[in-house]
Amino acid sequence: VSRGRLDAVIRRSITVPAAVHHYDVLIEPGLIDRLADALARYAPAARYAVIADAAVAALYGDRTVVAARASGSAADLFTFPPGERSKTRATWGALTDAMLEAGIGRDACVIALGGGVTTDLAGFVAATYMRGLPCVQVPTSLLAMIDASIGGKTGVDAPAGKNLVGAFAPPRCVVVDPGVLGTLPAVERRAGLAEAVKHAAIGDAGHFEALEGLDADAWLLDPETPTDLVARSIGIKAAIVEADPNERGRRAILNFGHTIAHAIERVTAYEVGHGHAVAIGMVVEARLGEALGITRPGTAARLAALLERLGLPTAPPAVPVRAIVAATATDKKARGGAVRYALLSAIGAAAGSDDAGWTVSVPPESAAAILSAMRTPGVM
Ligand SMILES: NC(=O)c1ccc[n+]([C@@H]2O[C@H](COP(=O)([O-])OP(=O)(O)OC[C@H]3O[C@@H](n4cnc5c(N)ncnc54)[C@H](O)[C@@H]3O)[C@@H](O)[C@H]2O)c1
Ligand SMILES: [Zn+2]
């Protein structure tokens, strides 16, 4: 079709309005047991398919199903083995088959109950099942509450890399019940704090200072009170996502620390969990930014000090540097061979602009040099 002909066709075209989809994030202890109210208001359905990993299902599955049934509709629980290694097309296939088997139809709604693995995976099931069911996110890990359940990104990992198959699919609402953090293992609480530090580092210097002043040990022991921390972090992410829902530009800053983090997760076969990998990735990428003259000197040290105080790792794991660098090359942000990084300009401010872009292309040798300099002695 010649250019002129296409223009003529476009002149006769019909414009389909596609409004940005807004949704509420409700935050209050005890909300899980009052789920029926939220369902009635935001996602009325004939039937609810609650999807949870087996560990979360054992703790909150029955409570959630009972709460959903209080809406007067049917509710069934679908489970899968916990862990990042379940965030695959195979698990997506098993879940959708089980739902088909159970006769879940187009009049149903998915309830994603769990950590980030579940909110990503169940969100993707909802996005694709019978061409899309509504989804209500009920995040149960700190990481999922402040990050994974907010923003509408859903998907699964592939052998070639993390989150490579997925869909933008905003939920009907997000129901955050900080009361469930009481059963979250301390290591997972720390993992969530890594993303809280990320939000502060890319967009809110005041929040970063508040985290530096947080009595982390006390908070980690008793995280159930809905602290400012959860709401403030959600607020930072929501504002970034609202401005750029489909990641055409500024939303990329949420990937600060993640180019290295995703590579570390992969080369350790997900032995290093997402939040811990993000902690390491932020320090590596802050040092990289300093070396490139993009990030204010001293930023990496300040980040590392906070992360260490929160009990998070800041040095790369004992795997070959070249393996980590090779794994960055298949990251989603890689374009045409060059690997792209979202970097800081300083604590509280991401580097970039709408004109210049929000990621920078970094040669593999630069990343390798930083990683080698941070290397645990004795490992090549
Ligand atoms: N979509 C996004 O925008 C986005 C953002 C950040 C992270 N993520 C994804 O999130 C995932 C990591 O999430 P995660 O760290 O929550 O992992 P996860 O879902 O595996 O949860 C961590 C562990 O905590 C357990 N758990 C969860 N809630 C619990 C509770 N209340 N009590 C007891 N145990 C509980 C789970 O069973 C699991 O073993 C990664 O796959 C990452 O890519 C996505
Ligand atoms: Zn993350």
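**View 1. The zinc ion (ligand 2) and its donors in this predicted model.** E195 (OE), H258 (NE2) and H274 (NE2) coordinate the zinc ion at 1.9 to 2.1 Å; donors here are N, O and S atoms within 2.8 Å of the metal (3.2 Å for Na, K and Ca), and with water not among the atoms, sites may look incomplete. Along the chain, the donors follow the spacing E-x62-H-x15-H. H258 sits in helix α11 (residues 258-267) and H274 in helix α12 (residues 274-291), so the pair ties together parts 16 residues apart in sequence. Helices (H or I, at least four residues) and strands (E, at least two) are DSSP runs, numbered from the N terminus. Both H258 and H274 are buried. Buried means under 20% relative accessible area, exposed over 50%, partly exposed in between (1.4 Å probe, protein chains only).

**View 2. The two faces of helix α2 (residues 35-42).** On the buried side you'll find L35, A36, A38, L39 and Y42.

View 3. The structure holds zero disulfides, a disulfide being a pair of cysteine sulfur atoms within 2.5 Å. C109 counts as buried, at 0% relative accessibility.

**Notes.** Residues are numbered from 1 along each chain as its sequence is written, chains are lettered from A and ligands numbered from 1 in the order written. Local features need pLDDT of at least 70, side-chain atom pairs count only at pLDDT 80 or more, totals for chains, interfaces and linings use all residues, and side-chain values use heavy atoms, leaving out hydrogens and water.
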